[in-house]
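Thanks for coming. I have one structure to go through today, and I will keep it short.

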Amino acid sequence: MVRRPLGNHHHGPDTFLVTSDTTRTDPMAAETGRLRELITDARFVLFDFDGPICRLFAGHSAELVSQDMTDWLERQGLLWQLTQEERAQPDPYVLLPMMDARHRGSDLVAAMEERLTQQELTAVVSAQPTAYADPLIRTWAALGARLAITSNNSARAVTAYLESRGLVDCFAPHIYGRTRELHRQKPDPHHLIRALRAMGAAGETALMIGDSPSDLKAAEQAGVPFLGYARNERKQKLLRDAGAEVVVNTLEPALRVLRDGGRTR
């Protein structure tokens with residue numbers, strides 16, 4: 001595996017914290033409140049993968065992945081399984097559960113899931129690291145937190161990416177990704193509960209960092225506090241509308257809390 005540089009590869013502004021009742025707040029003030037509590041209280045940190053840690057499809061379009069899956073169905077003579085609207089679905093993470101709901105446990109769904117995994121592995125090569133994610137992960141681990149990945153992506157792709165960044169030891173063996181039981185993906189709390197049980201953690205001692213309403217819903221069901229990460233205003237609105245208390249558009253304030261004296265217990 002080729003190891004890529006450890007830089008942050010960040011573009012755009014990185015100086016705002018967004019919460020449920022404010023659109024832009026000075027992070028120096030905000031980190032003394034709920035954000036600091038979330039971070040300093042966390043003994044176990046559960047990261048979603050695509051978003052908080054990297055943009056997996058930054059250089060390998062998810063829309064093309066979805067098109068590849070529909071083209072594959074057509075070659076198998078199975079395109080009739082999809083409606084016209086579903087054939088135009090640009091999100092493979094919506095398309096695959098659609099098929100699973102109709103053919104749960106089938107060889108067809110298993111083949112589609114493996115095809116998505118291979119596309120994710122291809123995407124790892126051009127994935128863009130989320131700004132401040134690498135140092136945040138390393139700092140949290142150095143301070144004694146136990147870290148886990150709870151993702152709807154393949155654990156094979158997650159592991160490949162973490163190996164390329166020299167981060168896999170911060171998480172292993174607690175990398176919980178998509179299985180053939182597709183109905184147990186987030187917002188189902190299955191992956192979070194697996195992680196908590198394996199680490200011997202109570203929900204209230206942990207923190208989930210995610211970028212979607214499904215992450216928030218899974219955290220709520222597992223009894224885990226939640227920190228939202230949103231790289232753009234659309235994602236901010238989705239998280240806030242879903243009820244997220246604290247949302248940041250950069251991980252820098254979280255890293256600052258740790259470096260300024262935040263401690264795991």
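This is a predicted model: local features need pLDDT of at least 70, side-chain atom pairs count only at pLDDT 80 or more; totals for chains, interfaces and linings use all residues.

Residues are numbered from 1 along each chain as its sequence is written, and side-chain values use heavy atoms, with hydrogens and water left out.

First, the core. By nonpolar core I mean buried Ala, Val, Leu, Ile, Met, Phe, Trp, Tyr and Cys residues joined through side-chain atoms within 4.5 Å. Buried is under 20% relative accessible area, exposed is over 50%, and partly exposed is in between, with a 1.4 Å probe and protein chains only. The largest such core has 59 residues, and Phe-47, Trp-140 and Phe-171 are among those with the most contacts inside it. Helix α6, residues 107–124, gives the most to this core, with six residues. Helices here are DSSP runs of H or I, at least four residues, and strands are runs of E, at least two, numbered from the N terminus. A second, separate core has 21 residues, including Phe-44 and Phe-226.

Now α6. Its 18 residues should span 26 Å at 1.5 Å a residue, and the end C-alpha atoms are 26 Å apart, which agrees; the expected span is 1.5 Å times one less than the number of residues. Its buried residues include Leu-108, Met-112, Glu-113, Leu-116 and Glu-120. Among the elements covering them are α3, α5 and β6, by contacts, meaning heavy atoms within 4.5 Å.

Which residues lie nearest the centre of the largest pocket? They are Asp-50, Asp-91, Tyr-93, Asp-211 and Lys-235, out of 33 lining residues. The lining divides into 13 nonpolar, nine polar and 11 charged.

Asp-211 is in the loop between β8 and α11. At 10% relative accessibility it counts as buried, and its contacts include Asp-50 and Lys-235.

Last, Leu-255 lies in helix α13 and, at 4% relative accessibility, counts as buried. Its contacts include Tyr-132 and Leu-136.

Note on methods. On a 1 Å grid over the protein atoms alone, a cavity is a set of points where a 1.4 Å probe fits but cannot get out, and a pocket is an open set with protein on both sides within 12 Å along at least five of seven lines; lining residues have an atom within 4 Å of a point. Ala, Val, Leu, Ile, Met, Phe, Trp, Tyr, Cys and Pro count as nonpolar, Asp, Glu, Lys and Arg as charged, and the others, Gly among them, as polar. Lists of a residue's contacts leave out its neighbours within four places in sequence.
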